[in-house]
Amino acid sequence: MKTFAFVLLSAVMVMAMSCDVIDNPIENPDVPIDTTTKVKQNVLLEDYTGHTCGNCPDAADVAHQLETLYGSDRVIIVAVHAGPFATPQPPTYPTDFRTTVGNELDNTFKISRAGNPNGLVNRVTRNGKFIQSKDNWAPAVTAELAKTPTMGLKLDHTWNATTKAIDVTVTADYIAGGTEDYYVVVWLTESGIISDQTDYRYDPSHIEDYDFEHVLRASLNGTWGEQLSTTPVAAGQKITKQMSYTFPSGSTWNPSKCDLVAFVHRYGTEKNVVQVIKKKLAE
Amino acid sequence: MRISLFVIGLLVMAGTAFAQETTESASLPSVRIKNIAGDLINTADLGNTDQPVVLSFWATWCKPCLQELQTYHSILEEWQEAYNVRIVAVSIDDSRNARKVPAFVKGRTWTFDVLLDENQDFKRAMNVNNVPHTFIVHKGKVVWSHSAFAPGDEEEIATQLSKIVSAK
Amino acid sequence: MKRMFALLALVAISYAPSLAQGVTIEDVGIFSGSLQSDVQSYTEDTTIGAPEVPERILSNTFVNVLFNRGKLTLGFRFESYQNPLLGIDPRFGTTGAGTGIGIPFRFVNYVDDYFEVTAGNFYEQFGSGMVMRTYEERNLGFDNSIDGLRLRFMPVQGMKITGFIGRQRAFFELSEGIMRGADLNLDLKEISETFLPDDVYANFGASVVSRYQADQNPFLNLPENVLAWSTRANITVADVMLEGEYAYKINDPSATNGGTFNSGNALYVNASYASSGLGISAAMKRIDNMDFRSDRTATGFAQQVNFLPALTKQHTWRLITLYPYATQPTGEFGAQADVTYTIPKGSFLGEDETTISLNASVIHALDTTRTDAFHYDANFMWDDRIFFQDINIEIVRKFGKNFKITSSYINIKYDQDVIEGRAAINETKYGVLTADFAEVELWFKSGKGTALRTEFQWMGVSYQEGVERDAVNNGDWVMVLAEYSISPAWFFSLFSELNYNRTDPVKDPVTGEVTRVDAENIIYPSASVAYVKNALRVQVGYGRIRGGILCVGGICRPVPASNGLSLNVSYTF
């Protein structure tokens, strides 16, 4: 009896000590300023969202917070509108932000079936989770940014304002050797679109003039991109890919608010994004 | 880690198999749960004797289960005389409804034993997938197992019970 | 390793047909287990909101195997999701190996008179589950077992000490947080039979549970160790029972409580009187920020460690299940009363028994005021706002052994904004709807082992002025069901739901005003056949199933509308 009482008491004491009561919730993050020009690991933060998803604007704000903290050249956000919350609902939510690319991504990763908002951080599985809820974005992005990059990317393009045609040249600089599953993808995103969005932080929750940022509009070379090389590539090599794209006729996209996002991912195997880069389309 | 755990388990099992003959008599899995009076019952003691036990898993939200128990309630006296059977109804209601089970059962004047398997430990040990599921237990062994309940199934149970009685 | 287990399962199943339960291998032990498989086909149906399913057919399969030898039990469960059914979390198909196949549950258990040890996955409940309950509810895709170590000591009969440590199952992975806990349970009647009078029972208990999860958030100081404790007491004197439980949790900012640094607490009090022919029970529950998970970022059904069921009656009539209540973990104050009365045979009503069940429950919001970005104040008493209210009566009347009538009436008030999480706090978007429900069920049995059961249900729904309504499920409902069974093997059922008085919103392009116009009725016909042979049950069904919420036991989950064929197989060996 005494032994059990002792065991019990110690267990309770151990429990009581494992108790963190916080007095000051806010932490001021310390971002070391790195002025070297060496290549840094960037993060592709895919935010799967929809205009009738009331919890999604909160997630978009979290993404924006990270973009502001670490810089929009390091944290590259793409908002993918797919799933039941992205379906147009006339008369109140008439816009259709869905794309073939977005639908295919959502069906493959089954994100909207798990709920919205949800996201992918460099398409990496962290602590057993591939799909990251918005509360995981800050730690996941911080961890990814600290990694040593294995590739550098360069994006050159020409933009013809009259024909609305884009010509893109992407150069992948292999800092470390790479395998044949490296695929390069180039996406077009648009920001500054004003339309209807549900936001449960406000009453009424229907916001008619919500500012949509980083909306995925199209892929220049398919959902999964094109293979960089059919054979493994040694460190130090550079591979270039070129592609063209013209705005669909009748589209109302604003070129001065568009960005080109190029990233290299491992298709069919690890899925993770190796490196990503963003560039404004036009001034 | 997972593989070694199992290898250890299997080795223990194999080791004891070769070391001795099993002398324990059969019994139901052992789970300690309460009945509606408040007594703690060890399920391994159910059906251990010569008295056949009709063991039925049910829940207050399962309509065919209520149909089954209502049937047992109306023929209980008849069965007890003919077969000396004991009916044990195990409620798998979780803590949302488990507190209401005594009032539910007594309010319907049901007199058979009712056990409260609140975290479904006994249900899992007996490999029950869905309720209703009924077993007949005799001398520690399950001699009949039936899923679902159709009105008229009590005839089938009576046939099984009479087989047990006549075999004695 | 998976092949080894599949082989073991096959060995067990191949022996099975000859024995009713379990396969006894002489001098080795007893193998037993069960199989459950659900397959469903999906056709896109835009009228009812059934989404397009690229796979067309989805399935869930579970195989449980147990091996028992005296005091030792080994077991495992093999699961296969190709892909998970709609309504089940898709992460079952994408985590682990990513193939939807795995053995996420396995354990070794040794039980003796004074102690019990479990290594591997286990299920456990402390008290009523307010700080810790791990369980499995397959039909809802719910399994939050802990994978680790559990010890139980019973130093004297009636005293049970339980301790555990481990990580929780997260689909085919393990949770990020480490859970540990201990519980003490004292059953005075078992400890000393003479200490209490004969018809008095008393139980006391206390538990502690804590979670460790690293803080990698650069913006906030999150608590890495979160502790929750609870105490409980239960006293029964003759026909009267009184029970109370109180739980407390320290600050736990998480995705479900909006990142608040408030502590959480819950209070539950229950009283009941049960004597032959009359049962009365009343309960009250106050919950404030008691959602507790093994991962602070988890939402929905994932990673729950405790169990906070709704304090409302679980209805089984189909139409009323469109509006079930689910506990608001951020806070609510509820009360429920229940009376079951059986008018005995030979009374003025006739020769047979009549059972009357009355139930009423109401759930209020808590009266809270925000004090700063991370804290709020909550009064003990409730706020005027009602989340849910339910008043119902059910009468069952038998006429001999072959005929029975059940009739019931339910009236509910349902705050769609809060319960379905579809609006901002304090916003009236869908408002509070009122549903009136009535049904009559007729049950006939012939002497030859056949029975026919028919149900007629009606539900009328009324809405507040000017609110929005669900795009598909709005308006009134009528349902007819007929089920014919042939003992012991066959069940045939046909049922059809009709959703009428539906309306659609129309926005006037000039004034911007939104009005409602009549929309077409929708019919949901469905048929099924089931075959039962001892412990094997096979059911095939076809039809249109409305989208809604499926509740099993204490928990509910949303299930989208579907149109197609379904096959369910269940077997226990």
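This is a predicted model: local features need pLDDT of at least 70, side-chain atom pairs count only at pLDDT 80 or more; totals for chains, interfaces and linings use all residues.
Local features are given at pLDDT of at least 70, side-chain atom pairs count only at pLDDT 80 or more, and totals for chains and interfaces use all residues. Residues are numbered from 1 along each chain as its sequence is written, and chains are lettered from A in the order in which they are written.

Chain A has 5 helices and 13 strands, taken as DSSP runs (H or I of at least four residues for helices, E of at least two for strands), and its C-alpha trace spans about 85 × 55 × 35 Å along the principal axes. Of its 283 residues, 51% count as buried, that is, under 20% relative accessible area with a 1.4 Å probe.

The contact with chain C, meaning heavy atoms within 4.5 Å, draws 46 residues from chain A and 56 residues from chain C. Together the two chains bury about 4200 Å², 61% of it on carbon and sulfur atoms; this is the accessible area (1.4 Å probe) lost on putting the two parts together, summed over both.

Across this interface there are 4 salt bridges, each a side-chain nitrogen of Lys or Arg within 4 Å of a carboxyl oxygen of Asp or Glu. One salt bridge joins C:Glu176 to A:Lys129, with the closest N and O atoms 3.3 Å apart. Among the elements of chain C that each supply at least two residues to the side touching chain A are helix H2 (91-94) and strand E13 (173-187), and E13(C) gives the most, with 7 residues.

Note on methods:
Side-chain values use heavy atoms; hydrogens and water are left out. Buried means under 20% relative accessible area, exposed over 50%, partly exposed in between (1.4 Å probe, protein chains only).
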